[in-house]
Amino acid sequence: MNAEKQRSRENAERVISSISGHFSSCLSLLLRFSAFIFLPFLAVGCAKKSEPAPKLNIYTWSEYLPDSVVKDFEQRTGIAVTVDTYDSNETLQAKLASGVAGYDLVCPSDYIIQPFIRQQLIMPLDKSRLPNLANVDPNFLNQRFDPGNQYSIPYLWGTTGLGYNKKVITDPVDSWDILFDPKYSGRILMLDDMRECFAVALKRLGKSINETDPAVLRQAADMLRVQHALVRAYDSENYDKTLESGDVVLAHGWNGQLAKVVSEKPDTFAYVLPKEGGTIWMDNLCIPATAKNPAAAYQFMNFIMEPQPNAAIVNGVSYASPNTAAKPYIDPKILGDRNIYPTADMLKGWEFLDDVGKTSRQINDLWTEIKGQ
Amino acid sequence: MTGTSRYSIWLTAHAVAVYLFLYVPILLLVGLSFNRSPLSAIWTGFTFDWYAKLFSDSEMIAAAQRSLFVAAAATVSATILGTAAAMGLARPAAPAKQTTAGLLYLPIVIPEIVLGCALLTFFSVTRWELSIWTVTLAHITFSVSYVAVVVRARLAGFDQSLKEAAMDLGAGPWGAFCRVTLPLILPGVIAAALLVFTVSIDDYVITSFVAGADSTTLPLKIASMVKTGLTPEVNAVSTLLLGLTMMLVLTAQRLLRGRPVRK
């Protein structure tokens, strides 16, 4: 038994023995008993854990980090990596806030970084340990959610656009306007996400998606309220499947999943970035303030910014990377797919969602009105 | 005569409807695990690809292993603890019986999210790092109550005089337990263990609070896949789990039926 397990068992016994009454001896006996029974099982199940090597605990989105990249890193550095996955930025926030999560590297989205910094959940980065940051396109650095990249480095990015059924909609689609067209009443799907829906309305008004003027926000809300009657569903999870099954013909959604639908049936479906502009999102790597092995986290961050590992990530998950040096190694099919890698021209008027502070309260109230009518 | 047969037709129809309601979604899930299309619920052809993909997906396999480990550990521990508690409460002289029993049942009544939050707070305050052990402990915490309830119900019909007779005939407390009490309450104990196993293996809410590094269980893994898109791989892993659980239940039933009744 290695020191790690020994420690965790002692830890377990300590807490348990603090529970008063005659249960304590019984419980600790039981714990010993179950440790005795299950340790061999555990040793088989997680054989790589029994090496006395340094460890790196990564907590990220599902299907976001290919196995092969992790294996390459383990082979090169001798660091044992564990990968756990979460389903929302809020889950990640709750875990980090508990202070006992034990992760060394996490992958939050843009808008949640400011709250993380304010709550001191992530640590400032020493960029002298990240020389490969030079490989990253400067257009993706120094964003408002983390000026100077003091706490985060870009990982993968994408857009929120419009997927539609070409068989039904024969007119050219290039604007958000079509989501407000009564002709498609009952066949429109919007993301169940207030900031994303407001971004659509604000862009139609020619405003920034981070607008804070209450009068403009009310105008945007009025627009969404009228649209409510046309919307079949507000859904952030199955929008791709709903579009694909034909239940809706227009779906507001994130590019990753919609791009998959399009590449599956390119004759039936298409994805567009409306000309008014919209939301760009980006996920970023950060080191939690409670990380036990920041050194390994730095090594990993620097490793995935190398051209080849970075390209392996893009080829594995089909999302765009901000890494310029990786481009020669990326599958030309992915690199040439304008739904994944739009040109700079297509991205005029596209913005990151900012943390809008107190305004989010007003947006939330308006959103409740819209959906509750 | 006609009255009875019309009655039985309705009864049969109702029974069929109920069983369809219960099993059609599960059968659909099993069927779709062999569907070629990665996206839709529309049948496009038979394939084993998702099973092949599943077995080469180390994250998914690791998650399934963790779930099985936690469920097995929770089942063994909670069954022993819960049975002991039920036995204790069945003693005529048990002190503060109502209060103790009430407290024991509380975790079943408390909303899962509250229990999850409470456990996370506890681990946070005691600076106990989240891991597969905190998950296991959390599962034991809520499972003990289920075992106690089920075994207590079984013990309610248990004739205490049988145990007394055994002890009159020279059996010690342990001997009487092993040779008289346990065989008689065994169906209850096994039912409780199966219940714990199923509750543990699909628990999402509490686990999501107390899971840490290297402890993403299968339900957590599946929930996190929703964001990037579920594939029939999830159907495949669910089908395998379903098969495993059914095998366990059948084995348990077999064992119980095959037991000779001692005279």
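Me: How do β1(A) and β3(A) pair, and over how many bridges?
Reply: Strand β1 (residues 55–61) of chain A pairs with β3(A) in the parallel sense, over two bridges. Pairing here takes at least two DSSP bridges, and strands are DSSP E runs of at least two residues, helices H or I runs of at least four, numbered from the N terminus. It's a predicted model, so keep in mind that local features need pLDDT of at least 70, side-chain atom pairs count only at pLDDT 80 or more, and totals for chains, interfaces and linings use all residues. Residues are numbered from 1 along each chain as its sequence is written, with chains lettered from A and ligands numbered from 1 in the order written.

Me: Which residue of β3(A) is opposite Tyr59(A)?
Reply: Val106(A). Ile58(A) stands opposite Leu105(A).

Me: And what's the strand order in the whole sheet?
Reply: β2-β1-β3 in chain A, an open, parallel sheet of three strands.

Me: Why do β2 and β3 of chain A each have a side without a neighbour?
Reply: They stand at the edges, each with a single partner strand, so one side of each has no neighbour in the sheet.

Me: Is β1(A) mostly covered or uncovered?
Reply: Mostly covered: seven of its seven residues are buried, meaning 20 or more other C-beta atoms, placed from the backbone, lie within 10 Å of a residue's own.

Me: How many bridges between β1(A) and β2(A)?
Reply: Seven, also in the parallel sense. Lys55(A) has Ala80(A) as its bridge partner there.

Note on methods
A residue is buried if 20 or more other C-beta atoms lie within 10 Å of its own, exposed if 12 or fewer, and partly exposed in between; C-beta atoms are placed from the backbone.
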